[in-house]
Amino acid sequence: LVAEYGGEAESAEALLDLGVCGKYKLRQQHRARSQALKQVSAILDRSTKIYKYVVNLVLTLYRESERSYLSREELSLCAFRSQLLMQLHDAQNELRQQDPCHRLAWVLDQALRDGECGDRRVNELVQVMRPYDKQQHQGGRGRKRGRGDHHHHADPHGGGSTSQPDESTALGEMGMVLRDPPIFAFLAGTCYDRLRQVVKLERVPKQDFNLVFLTRLLQLACESRQMLREKRYKFHKAEDGLLRDFYPRLCSSVVDRALVAKGRQVDARQTDPTLVSWLANSGVAQAVYQQFVLDCLSGLEHGQESSIAEQALMTCAVALSQISTKALSEWSPFAHTLCGRVTEMLGAGKLEPASTLWDLAVDRVLVKACGQEVEVHLRVVGLLGLAARAKKLDGPALCSYLERTLESSEKARRRRRKRAAKEGKRGNESDGVYPAYQELRGDLGDLEHHPKLKEYLNDDD
């Protein structure tokens, strides 16, 4: 049932969609409709023993996964952990009260419902994390909090204490809740919004309490599996490099975007090597920067100049060229969301395949991403089909793109065929994407000069 949850269509969409704002009702409806969650809840009833068994099963699957990086399978475990708990909350099941992650999951769910994580919610999150934060637990800097103080006299940087003397997994499990993809994307988007405020108020990132604290939560999400593996649980301080280097650089890009709107010229092909390094090596930096990229693309739909969006996509493309193929799996949600945005822009007549933006988004990012999740691959093929039907890609160009997507996805398709063979299914038809290619057969023309594509579509095995 845990595995089935990740395979549900609504689960797959939620796991790969970074555009979470305004979609809370869909999230709530999904946990009410999910057959996997319903069946697990029925099994649980009000049994504490069974609930602990299910939680430990999910934790073990997440911790013991053989993958070095998080794929959709690992992310679905985090989503299941979070959504099961909130379903128990919706049903007023008393089991929720025994879960150390309940308050955290509820506050995050409410913030997602509100579409913002402002002072009130951040203060609630500070209180939730206080027992796991040495400096906060000891009273911050020694000042007693008075009425109306909220979190403003607490130290957002914290003390990085161990979670429990008995090495409870609670902090690692909280990291799983935070790594639930919609929650993680929402927190990353909130950090990006805080950075925009920092620029507007002419402040520095390390002085923004909410930004610093939410950065710590993102770090906890990224570190959760390693914590569970090593059995060393710490709520770390915000990484100094993020506050003093990455965030200021991203603020500079935000400023450049505003200046471009006033007529300043920017070389879209010139990237910051340090920013690239952050994207290639930091999950937090990657998540927050992706929100910046998507925001730039949204601006294009309202007539903004494209050079900063192009520069941001170039930065991502260079970062992708520096990471391993296995690490690409963690970029799948971004690729899935990016492809959706590009498809919308193409359909609205705001993007042409001959443009620099198309080259960066499709040729440099999306084609490469086809080697990971099947949903990304299908969405990219759908985009190419849309361009062909709109007469913006001719037959030879479409064939060339499809051969490249086949090449980048060869290992992934082979793995899916092997799994399907165990169920008696044979040939390319079992690789998860063949029907999408077959639908485009009429747009391809002569395949004599595209042997790989011809062989794939005429497979008789």
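Residues are classed by relative accessible area as buried (under 20%), exposed (over 50%) or partly exposed (in between), with a 1.4 Å probe and protein chains only. The structure described here is a predicted model, in which local features need pLDDT of at least 70 and side-chain atom pairs count only at pLDDT 80 or more, while totals for chains, interfaces and linings use all residues. Residues are numbered from 1 along each chain as its sequence is written, and side-chain values use heavy atoms, with hydrogens and water left out.

The chain contains 24 helices and 0 strands; helices (H or I, at least four residues) and strands (E, at least two) are DSSP runs, numbered from the N terminus. Its radius of gyration is 23 Å, which agrees with the value near 23 Å for a compact globule of 461 residues. This radius is taken over C-alpha atoms, and the globule rule is 2.2 Å times the number of residues to the power 0.38. The C-alpha trace spans about 75 × 60 × 35 Å along its principal axes. Of the 461 residues, 55% are buried. Among contacts (heavy atoms within 4.5 Å) with a separation of 6 or more, 73% involve residues 24 or more positions apart.

A search of the whole structure gives 10 aromatic pairs. Rings of Phe, Tyr and Trp (its six-membered ring) pair if their centres lie within 6.5 Å; planes under 30 degrees apart count as stacked, over 60 as edge-to-face and the rest as tilted. The rings of tryptophan 331 and phenylalanine 334 are edge-to-face, because their planes stand at 80 degrees with the centres 5.8 Å apart. Both tryptophan 331 and phenylalanine 334 are buried. Tryptophan 358 and tyrosine 401 form another edge-to-face pair, with 6.3 Å centre to centre and 75 degrees between the planes. This pair links distant parts of the chain, since tryptophan 358 belongs to helix α18 (residues 356-369) and tyrosine 401 to helix α20 (residues 395-408), 43 residues apart. Tryptophan 358 and tyrosine 401 are both buried. Ring pairs also join Tyr192, Tyr289 and Phe292 into a cluster.

Glutamine 290, in helix α15 (residues 283-300), counts as buried at 5% relative accessibility. With neighbours within four places in sequence left aside, glutamine 290 contacts Leu18 as well as Trp331 and Phe334. Tryptophan 106 is located in helix α7 (residues 102-114). Residues up to four places away in sequence not being counted, tryptophan 106 touches Met86, His89 and Arg121.

Proline 435 is part of helix α22 (residues 434-439) and is partly exposed, at a relative accessible area of 47%. Its C-alpha atom is separated by 9.4 Å from that of leucine 457, 22 residues apart along the chain.

Glutamate 202 is exposed, with a relative accessible area of 74%. Lysine 391 counts as exposed at 74% relative accessibility.
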